[in-house]
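Let's take a walk through a protein structure together. Keep the sequence and the 3D view at hand as you read.

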Amino acid sequence: GEPLIPDMNGRRVLEVGSGVGLVGLACHSCGATVKLTDGEARLVEALREHHGDKHGLEFEVFDWNDDPREGAELFEVIIGSDLFNPKCEGEVHVPRLVCQRLARHPMARAIF
């Protein structure tokens, strides 16, 4: 069968709840273009400060509950780990996020 973790080389990846960015940075080191996102602006700014000079990395404060605008950016891989922080307020809609942001492609994957 197919491997659980796809080949990342050349893939467009969205990491949600990046925190320190460990998973997204690992994907980047394997050749992916990665958007590191988190709901806490201070974490996103720290990622930008430490890794902003690396080609193929983007940084964004991301609210899970925002409805994406028409034509929102799609990703071949969406990743997240340790997402359910007790400090989070409101509902977290992982399935909705995946449906709205995952590219319609046979090799597209969401890995949580």
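Predicted model: local features only at pLDDT ≥ 70, side-chain atom pairs only at ≥ 80, totals over all residues.

Start with strand E2, which covers residues 33-38. E2 pairs with strand E3 in the parallel sense, and 5 bridges link the two. To see one of these contacts for yourself, find Val34, whose bridge partner in E3 is Leu57. Now bring in helix H2, made of residues 41-51. Together, E2, H2 and E3 form a β-α-β unit, and this unit is right-handed.

Next, move on to the loop between strand E3 (57-61) and strand E4 (77-79), where you will find Ala72. Is Ala72 buried or exposed? Its relative accessibility is 15%, so Ala72 counts as buried, because the cut-off for buried is under 20%. Ala72 also shows how a chain can fold back on itself in space: Gln100 is 28 residues away from Ala72 in sequence, yet their C-alpha atoms are 8.1 Å apart.

Finally, look at the cysteines. How many disulfides does the model have? The count is 0. Take Cys27: the nearest cysteine sulfur belongs to Cys30 and lies 6.8 Å away. A disulfide needs the two sulfur atoms to be within 2.5 Å, so Cys27 is in no disulfide. Cys30 is in no disulfide either, with the sulfur of Cys27 as its nearest cysteine sulfur.

Terms used
Residues numbered from 1 in each chain as written. Heavy atoms only, no water. Helix = DSSP H or I, 4+ residues; strand = E, 2+ residues; numbered from the N terminus. Buried < 20%, exposed > 50% of the residue type's maximum accessible area, 1.4 Å probe, protein only. Pairing = 2+ DSSP bridges. Right-handed = clockwise from strand over helix to strand, strands pointing away.
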